[in-house]
Each structure stands twice: as structure tokens, then as C-alpha cells.
Amino acid sequence: MLIRTSADLGAIIRDTRKRLKLDQSSLAKRIGVSRQWVIEVERGHARAELGLVLRALGALGIHLDAGSKQSHGRGSEKSVVDINAIVSKAKKSRP
């Protein structure tokens with residue numbers, strides 16, 4: 001998934017936490033932060049401390065890939081999902 005905004009990253013953190021059946025308090029304890037911090041990050045708080053965000057990603061087993069859109073040596077490019085296009089399409093289809 002292509003992450004373009006802090007809200008995108010917050011959604012990934014929330015979805016992964018829920019998939020792992022962790023509540024916000026349990027994740028906060030693993031990271032060493034308050035539950036309120038987890039709530040704010042999941043809501044896309046843009047000023048969250050990078051070190052803590054990376055600690056949250058690590059606690060959830062989320063790995064970052066800093067690769068580019070260029071070929072990775074196997075003759076094919078990685079598939080990129082445009083979350084903004086998906087959200088825009090969903091908004092347009094609402095009554």
C-alpha cells in the first residue's frame with residue numbers, strides 16, 4: 001500500500017492492531033506511550049514523534065519499504081495501490 005498521508009499510516013496501524021486483536025491500551029503499553037497517543041496516531045495526527053511511530057510499527061510487525069517505482073531487477077515493477085483513487089471513487093459512488 002502506498003502511504004501518502006499521516007491518515008493513511010494511522011489507518012494501517014489501526015487495521016493491523018485490530019487484526020492482531022490488540023486493544024489500544026495493550027498497544028500503548030508495548031510501545032511505552034499513553035492510550036491517547038495511540039488514538040491520535042490512528043486518527044492521523046500529523047505531528048506524532050517519528051521514533052514512537054517507528055516503535056509502533058515494529059510492535060505490530062509492520063515493515064516499511066523505501067523502494068522506488070523502478071524495476072527491482074526481476075523485469076517487473078512492484079504493484080502500487082492508489083488509496084486516494086479508491087477513496088475518491090467511493091465518494092463519487094455515494095448517493
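Arg17 is buried, at a relative accessible area of 6% (buried means under 20% relative accessible area, exposed over 50%, partly exposed in between, with a 1.4 Å probe and protein chains only). The side chain of Arg17 forms a salt bridge with that of Glu42, 2.5 Å from N to O. This is a predicted model: local features need pLDDT of at least 70, side-chain atom pairs count only at pLDDT 80 or more, and totals for chains, interfaces and linings use all residues. Residues are numbered from 1 along each chain as its sequence is written, and side-chain values use heavy atoms, with hydrogens and water left out.

**Salt bridges**

- The count of salt bridges comes to two (a side-chain nitrogen of Lys or Arg within 4 Å of a carboxyl oxygen of Asp or Glu).
- Glu42 and Arg17 make one of them.
- Glu42 is buried, with a relative accessible area of 5%.
- Arg14 and Asp15 also meet through their side chains, at 3.9 Å from N to O. Both are partly exposed: Arg14 has a relative accessible area of 27%, and Asp15 has 47%.
- Side chains of opposite charge can pair when their charged atoms come close.

**Helix α2**

- Helix α2 spans residues 24–31, and its buried residues are Gln24, Leu27, Ala28 and Ile31. They lie on the same side of α2, because they cover an arc of only 100° around the axis (taken from the directions from the helix axis to the C-beta atoms).
- Helices here are DSSP runs of H or I with at least four residues, and strands are runs of E with at least two, numbered from the N terminus.
- An α-helix has 3.6 residues a turn, so residues three or four places apart point the same way.
- Lys29 and Arg30 are exposed on the face turned away from the buried side of α2.
- The buried residues of α2 pack against α1 (6–19), α3 (35–42) and α4 (50–60).
- Gly32 follows α2, and its phi is positive, near 90°.

**The nonpolar core**

- The largest nonpolar core has 17 residues, and Ile13, Val33 and Trp37 touch the most other members (a core is a set of buried Ala, Val, Leu, Ile, Met, Phe, Trp, Tyr and Cys residues joined through side-chain atoms within 4.5 Å).
- Each of α1, α2, α3 and α4 supplies at least two residues of this core. The largest share, five residues, comes from α4.
- Beyond its neighbours within four places in sequence, Val33 is in contact with Ala28, Val38 and Leu52 (contact means heavy atoms within 4.5 Å).

**Leu60**

- Leu60 sits in helix α4 and is buried, at 6% relative accessibility.
- Leaving aside neighbours within four places in sequence, Leu60 is in contact with Ile13, Thr16, Arg17, Leu20, Leu22 and Leu27.
- Leu60 and Arg14 are 46 residues apart in sequence, yet 9.9 Å apart in space, C-alpha to C-alpha.

**Loops**

- Lys21 lies in the loop between α1 and α2. Its phi is near 60°, a positive value in a residue other than glycine.
- Lys21 is exposed, at 76% relative accessibility.
- Leu64 belongs to the loop between α4 and α5 (83–92), and it is exposed, at 55% relative accessibility.
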